[in-house]
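Welcome, and please load the model in your viewer. We will go from one selection to the next, with a short note on what is there.

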Amino acid sequence: MNVLVTGGAGFIGSHFVRAMLAGRLPGLESASVTVIDKLTYAGNFANLGPVAHDKRLDFVPGDVAESALVDVVARGHDTIVHFAAEHGVVTNVLGTQVLLDAARRYGTARFIHISTDAVYGSIPTGAWTERSAVQPTTPYAATKASADLLALAAHRTHGLPVTILRPTTTYGINQHPEKLIPRLVTSLLTGGPAVLTGDGTHTRDWLHVHDLIQAVALAVTGGRPGEVYNIGGSLELTHRDLAGVLLDELDTGSDKVEHTPDRPGHDLRRAVDDSKIRQELGWRPRVEFTSGLATTVRWYRDNPGWWRPLRPS
Ligand code: NAD
């Protein structure tokens with residue numbers, strides 16, 4: 001199996017590549033991997049450090065929206081796993097279409113498109129199913145929803161074997177410190193406050209990155225083409241409660257929480273029903289939140305050299 005991974009130097013993509021080359025993803029143990037990554041502020045080749053010299057890894061620094069490059073890179077791959085995303089239409093919409101076109105040209109056998117639960121927007125109670133309409137709140141979520149529609153259209157029109165995954169908010173080591181958990185942890189570790197946007201009642205269902213990459217592997221080996229699979233987390237928590245858990249974990253006083261004005265379009269609650277992937281592919285989250293968070297906090301504590309240069313000074 002030859003797998004092309006886009007965004008493989010980012011948070012989730014690098015976990016996927018490292019686990020695949022370490023033989024920790026069932027069915028993908030003998031895969032060879034090409035990573036294409038533009039190395040934006042969120043991409044870091046050091047994330048691939050442990051496998052950088054593996055002969056089965058090829059790294060191409062480049063943009064998925066550049067069709068001439070993608071045309072050369074995609075050739076010879078039977079599987080594409082598309083993680084690359086950023087804030088903007090070019091990567092998320094145009095880049096996805098460029099990859100879909102290349103996959104069609106080369107008869108790629110599998111195309112896994114990594115979407116997000118943000119495409120559904122906020123839900124006050126209950127959980128979105130895969131049949132729920134996409135109603136993205138933010139421009140970012142709208143670009144992700146657009147990519148999903150392009151991917152599904154490529155399946156319906158041309159029979160392209162695309163499977164879409166919509167995971168909830170994901171955490172783990174090697175995540176850029178602009179994201180909530182690393183932002184709070186690195187601020188507390190440097191003696192700063194835990195700053196929450198708004199009143200802290202925003203709620204997310206936290207998914208550990210190890211659980212997510214197992215779901216991606218299951219989608220590669222058994223996901224049905226043309227289908228969408230939601231991936232839920234292991235614990236739903238308000239940001240305020242999350243900050244409380246982190247203050248305990250880092251043994252910091254509870255007066256360390258500060259609030260700034262909420263940002264526009266901040267979904268109050270996101271939640272998905274993931275019974276489809278549980279029933280069809282036998283997936284379920286296995287990393288318990290408390291231990292996943294403790295491991296994550298410990299890693300940030302032990303690896304300031306990784307995150308210090310990435311934090312605003
Ligand atoms: P990330 O920002 O850590 O990594 C994205 C990677 O894509 C980076 O390495 C970046 O350099 C690369 N990239 C960006 N634009 C590119 C381009 N034009 N060409 C090639 N490479 C490019 O993101 P992440 O958190 O790892 O997210 C990966 C995917 O998972 C995204 O599609 C995201 O929407 C989805 N997702 C993330 C979360 C989460 O909580 N992190 C939750 C749900 C879904």
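Helices (H or I, at least four residues) and strands (E, at least two) are DSSP runs here, numbered from the N terminus. This is a predicted model, in which local features need pLDDT of at least 70 and side-chain atom pairs count only at pLDDT 80 or more, while totals for chains, interfaces and linings use all residues. Residues are numbered from 1 along each chain as its sequence is written, and side-chain values use heavy atoms, with hydrogens and water left out.

**Stop one: a helix residue**

Select G222, which is found in helix α6. Is G222 buried or exposed, or partly exposed? With a relative accessible area of 33%, G222 is partly exposed, since buried means under 20% relative accessible area, exposed over 50%, and partly exposed in between (1.4 Å probe, protein chains only). Leaving aside residues up to four places away in sequence, G222 touches R110 and L281; contact means heavy atoms within 4.5 Å. G222 and R110 are 112 residues apart along the chain, and their C-alpha atoms are separated by 10.0 Å.

**Stop two: strand β5**

Now show β5 (110–114). Five of its five residues are buried, so β5 is mostly covered. R110, I112 and I114 point one way from β5, and F111 and H113 point the other way. Look for H82, whose bridge partner in β5 is H113.

**Stop three: the largest nonpolar core**

A nonpolar core is a set of buried Ala, Val, Leu, Ile, Met, Phe, Trp, Tyr and Cys residues joined through side-chain atoms within 4.5 Å. Select V5, F16, V17, M20 and V81: of the 37 residues in the largest nonpolar core, these touch the most other members. Elements that each supply at least two residues of this core include β1 (2–6), α1 (11–21), α6 (209–222) and α8 (275–281). Which helix gives the most to this core? That is α6, with eight residues. Centre on V17 next: not counting residues up to four places away in sequence, V17 touches V5, G8, V33, V35, L48, V51 and L57. Apart from this core lies another, of 29 residues, among them V73, I123, A151 and L160.

**Stop four: aromatic rings**

Rings of Phe, Tyr and Trp (its six-membered ring) pair if their centres lie within 6.5 Å; planes under 30 degrees apart count as stacked, over 60 as edge-to-face and the rest as tilted. A search of the whole structure finds eight aromatic pairs. Y120 and W128 have ring centres 6.0 Å apart and planes at 25°, so this pair is stacked. Y120 is buried, with a relative accessible area of 0%, and W128 also counts as buried, at 14% relative accessibility. Move on to W299 and Y300, an edge-to-face pair with 4.9 Å centre to centre and 90° between the planes. Both W299 and Y300 are buried. Y171, W206 and F289 form one aromatic cluster.

**Last stop: an open sheet**

Finish with three strands that form an open sheet in the order β7-β9-β11, with mixed pairing. The edge strands are β7 (170–171) and β11 (235–238), each pairing on one side only. Strand β9 (residues 203–208) runs antiparallel to β11, joined by four bridges. Pick R204 to see its bridge partner in β11, L237.

Key: Two strands pair if DSSP finds at least two bridges between them.
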